[in-house]
Structure formats: structure tokens, C-alpha cells
Amino acid sequence: MTTVSVSRQFHALSGVKMLKLFDRQFVKYILVGICNTLFSYGVYSAFLFLGFKFQAANLMALLLGIAFSFTTQGNVVFKNASKVTFVKFVVAWLFIYLLNISIIGALVQATVSPYVAGAVATVPVTLVSYFILKYVVFRRTTPVHEKQ
């Protein structure tokens, strides 16, 4: 076997592994994430409409959004929602939030607009949050057999 053919086989295998990482569960994660975002923004807007200051509206959107997001991700995406995973979920989102504002802060320091920085941070934060939720928060000790 030549070095070129070994290299091609390695690249083919690594591509297959990447596809497995981004399976239907990942697609569900993205779709549920869109719904969660719409829900949180709706809550935020509703509280603003009711006359709340933006800080209070944002806090309510955060709290209700965490509960809604846990329910949808835990039941629809990962199928492993429980009291234990809820605690892990909240702790994980604290870490994810800190990661998000760190990335945005670094980009703003590099003179990137906060709007653009927030949009750019969405990509790595979404990927990191998926893996944290999949392999730490909602990880199962026994696999669930689901049609995908």
C-alpha cells in the first residue's frame, strides 16, 4: 500500500466519522434550536409589550427559555430529560454563555461590530453546545435505539 492510498483511506474514514457526528440528531438540534430562539424572543417581546424594562424582559426570556429549551432538547433531540439532566443542563448553559460572551468580547476587542461578533459566535457556540449536551448533559449509559 502506498502512502497516497493510505492517506486517501484515512480521509475517507474521517469524512464518514464527521457525517456520523452530524446525523439526524444534529439536524433535530438545529431545528429545535430555531424553535427555542423564536420562543425566547417571543417571550422577550411579550414582556416588553406588557411594559417591562428590557432587563426584566430579558431575564424572563432567559428563565422561561431555559425551561422550554430543556424540555424540547431533552425530549425531542436527546430523549433523556430528567431532574439530573436539568441540573447539568443549567450548568452547561452557564459555561456555554460564558464561552459565547468571551468569543463576542474578543471579536469586539478586535474592532468587529457587536452585531457581527454575535452572529459569528453563533457557529462555534452552536457546535460546542451540541457536543456538550450530547456527550455530557444528555449522555446515556445505555444506547437508545431510534430510527434515524
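**Ground rules**

I began with residue classes: Ala, Val, Leu, Ile, Met, Phe, Trp, Tyr, Cys and Pro go down as nonpolar, Asp, Glu, Lys and Arg as charged, and the others, including Gly, as polar. This is a predicted model, where local features need pLDDT of at least 70 and side-chain atom pairs count only at pLDDT 80 or more, while totals for chains, interfaces and linings use all residues. Residues are numbered from 1 along each chain as its sequence is written, and side-chain values use heavy atoms, with hydrogens and water left out.

**The largest pocket**

I looked up its volume, and the largest pocket holds about 1400 Å³ of space (on a 1 Å grid over the protein atoms alone, a pocket is an open set of points where a 1.4 Å probe fits, with protein on both sides within 12 Å along at least five of seven lines; the volume is what probe spheres set on the points fill). I then checked the lining (residues with an atom within 4 Å of a point). Of its 32 residues, Thr37, Ser40, Leu62, Trp93 and Asn100 are the closest to the pocket centre. Which helices supply the lining? I found at least two residues each from α2 (24–49), α3 (54–77), α4 (83–109) and α5 (114–137) (helices are DSSP runs of H or I, at least four residues, numbered from the N terminus). I sorted the lining by class and got 19 nonpolar, 13 polar and no charged residues.

**α2 and α3**

I found the axes (lines fitted to C-alpha atoms over the stretch in contact, with angles from 0 to 180 degrees between N-to-C directions) coming within 8 Å and crossing at roughly 155°. That makes the two helices roughly antiparallel (over 145 degrees). Their contact (heavy atoms within 4.5 Å) involves 16 nonpolar, eight polar and one charged residue.

**α3 and α4**

Here I noted axes within 11 Å of each other, crossing at roughly 120°. On the α3 side I listed Ile66, Ser69, Phe70 and Gln73, which meet Thr85, Phe86, Phe89, Val90 and Trp93 of α4. By class that contact has six nonpolar, three polar and no charged residues.

**α4 and α5**

I read an angle of about 150° with the axes 9 Å apart, so these helices are roughly antiparallel. I counted 21 nonpolar, four polar and one charged residue in their contact.

Terms used: Angles under 35 degrees count as roughly parallel, over 145 as roughly antiparallel, 65 to 115 as roughly perpendicular and the rest as oblique.
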